[in-house]
Amino acid sequence: MSTQTETFEFQAEARQLLRLMIHSVYSNKDVFLRELISNASDALDKVKLEAMLDKDLEVDTSDLHITIEADQEARTLTLADKGIGMSRDEVVEVIGTIAKSGTAELLRKLKDAGDAESADLIGQFGVGFYSSFMVADTVSMVTRRAGEPTGTRWESSGTGTYTIETVEDAPQGTAITLHLKPEDAEDQLHDYTKEWKIRELVTKYSDFITWPIRMAVTKPATSDDAEATTEIETINSMKALWARPKDQVSDEEYNEFYKHVSHDWQDPLEVIRMQAEGTFEYQALLFIPSHAPLDLFMREAKHGVQLYVKRVHVMDECDALIPEYLRFVKGVVDSQDLTLNVSRELLQQDRQIELMRKRLVRKVLSTIKEMQANNPERYKTFWAEFGRPVKEGLLSDFDNRETLLEICSFDSTNSSDEQTTLKSYVERMKEGQEHIYYVTGESRSIVENSPHIEAFKAKGYEVLLLTDPVDEMWVGAVPEFDGKKFQSIAKGAVDLDGEDESESDEPKQREGYADLLSWLSSTLSEQVKEVRLSSRLTTSPACLVGEEHDITPTLEKMYRAMGQEIPQVKRTLELNPDHPLVTSLKEAYGKHAGDPALADTAELLHGMALLAEGGELADPARFTRLLADRLVGALPATAEPESEGE
Ligand code: ADP
């Protein structure tokens, strides 16, 4: 018996995703069954745990399972579970909307993507329940939340709206019925009402599900006069992969299990297994994905592995076991010694958990290190996808800092397309070179052409080009690698001639600058700390350098963008005594001190130094005006000056 039906609208994002599902840009439609089974399995995990923790919960956990039922005539496929179910509000909330982080980002990308690309993005995102609209033109669901007296019936054709009504006598759990799209006569392969097809998909995608998946199967007649019979059969093996010996699990099984735990539609890059015996026993089956999720850098994104206690799923996204900088790691940890009612708060303080986390982290890092040594191509993919979060570890994981530094790769002036490890950098260091040189900034092209780098290039010193925002942070906090200190080429005084044993090419004309420098320092005192001569410039007239412990302009900008008030950091303006602009300025100052054109030139010099490093001018309009005035004088003289008719 049911009551009156109400119609609701899907949230805008949900509508957009559904439209994509209906017009199905994704070629592998088979995956819808994996998604539905995965949801059913989660629902069973939840009801089992809740029943254990709440003895008063009215729910039958004696025979928890999933049933698949196909009706060839009606062309329907029904997937039912005895799980936790959903309340009416939950249905509206989780089925009518998409709360997943990264949705906005996904939709933005989908807007300009072609069909193939869209399919790829959808695959990366994983659309769960909605994938049923790839194969069905109507989907209906009856669900009852464990402990509640009535259930809810939901139905939709995926176009804009759905209906909801209360159902008085709903069975425990959730039953989802797909009204499959009309059969394509040529497409026998995708007839999801066929027993063999369902069996094939379950074996392929969901064999490891720890709950029985049951289906009525036809048994052929055993003798001529007997009739074919139907029997209920469990069609998955239910073996927990992490508990099976390593060599008895195939790559395909690992891949499918990964997709189940991660909601990713692509294969993982690495599989990591661990087994701890003794006083604290646990097994872990972890994965490194092959691509970064869309929410890798979103603050609200959850992370962590699934936690099982003695084969019972007790928690998703257990972040006590995996540090934030390894937030891309997915998988399962199954402990024999924890209690079932562990809470997140308790886990955060538990010493055993702390030890487990340490071992898991070491194992993940050693796997990456092995990948780097033995499979450079795979490592490259890994680093391109996850290098940024891994570098965050340099700031938070002191115990593993050495290993982290070893597995990092960076752009460098050594090559325009290959990144370098620190180890290789050190091997290439010049005779007598004591420091690892680096420059930070917003992009490779900016830092590579910044004035600071000129003398280093000219003298053949390699410089690391650090352009990730996180680089700004760690490089200030990590003192050294392999006994070599990190040294910013845009900070402090640089004396390359001291490092360079060879004779410097030409002695610089450093005499007679004292007056000019002190005048410049006072003229530009609003903008800079001091003006001095440089030994890091070869072709540019000037550059700006910070003190050893000053924060960099990029970092300053980042803090401001995050809404933090920080005082403006004044830097030092360094002049190239070999540049004609600088030498002429010296001469002009000697002859015409007090001429207003000198102050304008000083201001232009400072502005040029800022622009050259990719910085922003405080008053671009004023700079342009001063520059335009100069350019007039720099043009070749025109034949006859126009007479204004005096
Ligand atoms: P995801 O599984 O990635 O969260 P889905 O769109 O597949 O996304 O499902 C959304 C939510 O709907 C689930 O998180 C769960 O709360 C709920 N849900 C889906 N299927 C079931 C089910 N069979 N039983 C109970 N809840 C379900």
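**Figure 1. The salt bridge between domain 1 and domain 2.** In this predicted model, the count of salt bridges between domain 1 and domain 2 is one. The pair is made by E256 and R34, whose closest N and O atoms are 3.7 Å apart. Two residue pairs, with both residues at pLDDT 80 or more, are in polar contact between domain 1 and domain 2. On the side of domain 1 that touches domain 2, the elements that give two or more residues are α2 (31-53), α4 (103-111), α5 (115-125) and α6 (195-205). Of these elements, α2 gives the most to that side of domain 1, with 11 residues. When the residues of the side of domain 1 that touches domain 2 are divided by kind, 13 are nonpolar, eight are polar and 10 are charged.

Figure 2. The domain assignment divides the chain into domain 1 (6-234), domain 2 (241-385) and domain 3 (409-633). The C-alpha centres of domain 1 and domain 2 lie 26 Å apart, and the contact takes 31 residues from domain 1 and 23 residues from domain 2. The size of an interface is often given as the accessible area that is lost when the parts come together. Between domain 1 and domain 2 this buried area is about 2300 Å², and carbon and sulfur atoms give 62% of that area.

**Figure 3. The surroundings of the ligand.** The residues that surround the ligand are N39, A40, A43, D81, M86, V94, I95, K100, G128, F129, T174 and H263. In the side chain of D81, an N or O atom is 2.9 Å from a nitrogen atom of the ligand, while the side chain of T174 has an N or O atom that is 3.3 Å from a nitrogen atom of the ligand. With F129 it is a backbone N or O atom that lies 2.8 Å from an oxygen atom of the ligand.

Figure 4. Because D399 lies in the loop between α10 (376-396) and α11 (401-407), whereas K358 lies in helix α9 (residues 351-374), the pair ties together parts that are 41 residues apart in sequence.

Methods: Residues numbered from 1 in each chain as written. Predicted model: local features only at pLDDT ≥ 70, side-chain atom pairs only at ≥ 80, totals over all residues. Heavy atoms only, no water. Domains from an automatic or database assignment. Contact = heavy atoms within 4.5 Å. Buried area = accessible area lost by both parts, 1.4 Å probe. Salt bridge = Lys/Arg side-chain N within 4 Å of Asp/Glu carboxyl O. Polar contact = N/O pair within 3.5 Å; in protein donor to acceptor, adjacent residues only side chain to side chain. Helix = DSSP H or I, 4+ residues; strand = E, 2+ residues; numbered from the N terminus. Nonpolar A, V, L, I, M, F, W, Y, C, P; charged D, E, K, R; others polar. Near = heavy atom within 4 Å.
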